[in-house]
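Take a look at the model below.

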Amino acid sequence: MSSSAVSEPDRTTETANACVVNSWNEWDPLEEVVVGRLEGAAAPPSHVTMVGNLPRKAARLYPLLAGRRYPRLLVKPAQRELDGFVRLLESEGITVRRPDIIDFSVRYGSPNWSSNGFCTASPRDGILVIGDQLIETPMAWRSRYFETHAYRRLLKEYWSQGARWISAPKPQLLDCLYDERFMPPAKGEPVRYIINEFEPVFDAADFVRCGRDLFVTRSNATNTSGIAWLRRHLGSEFTIHEITSHCPQPLHIDTTFVPLAPGKVLINPEYVDPRELPAILKSWDILVAPEPDPIRGLRNLHLSMVSKWISLNVLMLDPERVVVEASQVSMIKLLKDHGFKPIPCPLMNYKPFGGSFHCATLDIRRRGTLQSYF
């Protein structure tokens, strides 16, 4: 296997370790993490940003739940698995923090629209951590406009302990941002998007971090303007590379392109053509994800918010240990074959809430410094 050169740590960044918030990449040893909650979760309104991103069966069913609290038959099994995931992290010596509980069925509005909320199942989406910096993102879903309020207690605490805290410009989310007639493209048709360039919007989960280099996919939550805003904000110290995704409903990079360790990245063969990857990755090992193992017997599969490729949504605890969905035997084998130490954990019942291990977490502190891996 090939290896990638890793530069010596920057001396100027060693002071970052003094701050409780310190996370530069996806694989340094994890010490503190925020894990999402299901309490108070409500189904979002039937807006194109939600329905247009759903698998076909779920797109027919979710409008029936719009604005209502999630039913117990969905919450209970997902909560049981989430509790097990939290226990796993704590057993590995990782500090687990949680957002506050909020009733997301409560409606709110701007001068131009109204909505109810969604949930805090995916802390990865609304907050981007770059070193000691916490960036609240301008999410495109109206149902997520105030979602980071559930994290305000934690954000204030981290700020008081030395973290930098900033919010990207709050978007207006007017009707003109969206293609209300959006339909996923047929096979062979070019990718098209629900959102245009009316204003900068992006989800943090469309970015992954590899030290001085970040990778992003344009999606139905992240537009080119949003990517440009983050480039300007981070400045010349960082480079953002775009990954071309052929997903017909692109949403979040962590089921498409998943850095695992220095010199190793996992890709989705259905969404990514290895020949189109940025040249900077030529020295890296490209692991091609296996076809996901089928899941049978789960009552909530038709209400999944995510595709079968959620199997890629793993969480690195360090450059070797990786938390992976227990049912995905083929993925576990692939990771073992490439020198990783998989930790199987069930979380498939989390799919109706929008994700898996990477989605359900937000790294606050990883033991490491800012480096270049290319």
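Mean pLDDT for the protein chain is 93, and 94% of its residues reach 70 or more. Residues 1–9 fall below 50 in pLDDT, yet this stretch has 24 contacts in the model beyond near neighbours in sequence. Residues 11–16 are also below 50, and that stretch has 6 such contacts. Where pLDDT is low, the predicted coordinates should not be read in detail.

The largest nonpolar core holds 38 residues. Tyr-62 and Leu-89 touch the most other members. At least two residues each come from β1 (30–35), α2, α3 and β16 (341–345). The largest share, 7 residues, is supplied by α3. Leu-89 reaches well along the sequence: not counting residues up to four places away, it touches Val-33, Val-35, Ile-94, Val-96, Leu-315 and Leu-317. In soluble globular proteins, nonpolar side chains tend to be buried together.

Is Ala-66 buried, partly exposed or exposed? Its relative accessibility is 29%, so Ala-66 counts as partly exposed; the cut-off for buried is under 20%. Which residues does Ala-66 contact, leaving aside neighbours within four places in sequence? They are Ala-43, Pro-44, Pro-45 and Ser-46. Tyr-108 is 42 residues from Ala-66 along the chain, and their C-alpha atoms are separated by 15 Å.

Note on methods:
Residues numbered from 1 in each chain as written. Predicted model: local features only at pLDDT ≥ 70, side-chain atom pairs only at ≥ 80, totals over all residues. Heavy atoms only, no water. Buried < 20%, exposed > 50% of the residue type's maximum accessible area, 1.4 Å probe, protein only. Contact = heavy atoms within 4.5 Å. pLDDT = per-residue confidence, 0-100. Core = buried A, V, L, I, M, F, W, Y, C linked by side-chain atoms within 4.5 Å. Helix = DSSP H or I, 4+ residues; strand = E, 2+ residues; numbered from the N terminus.
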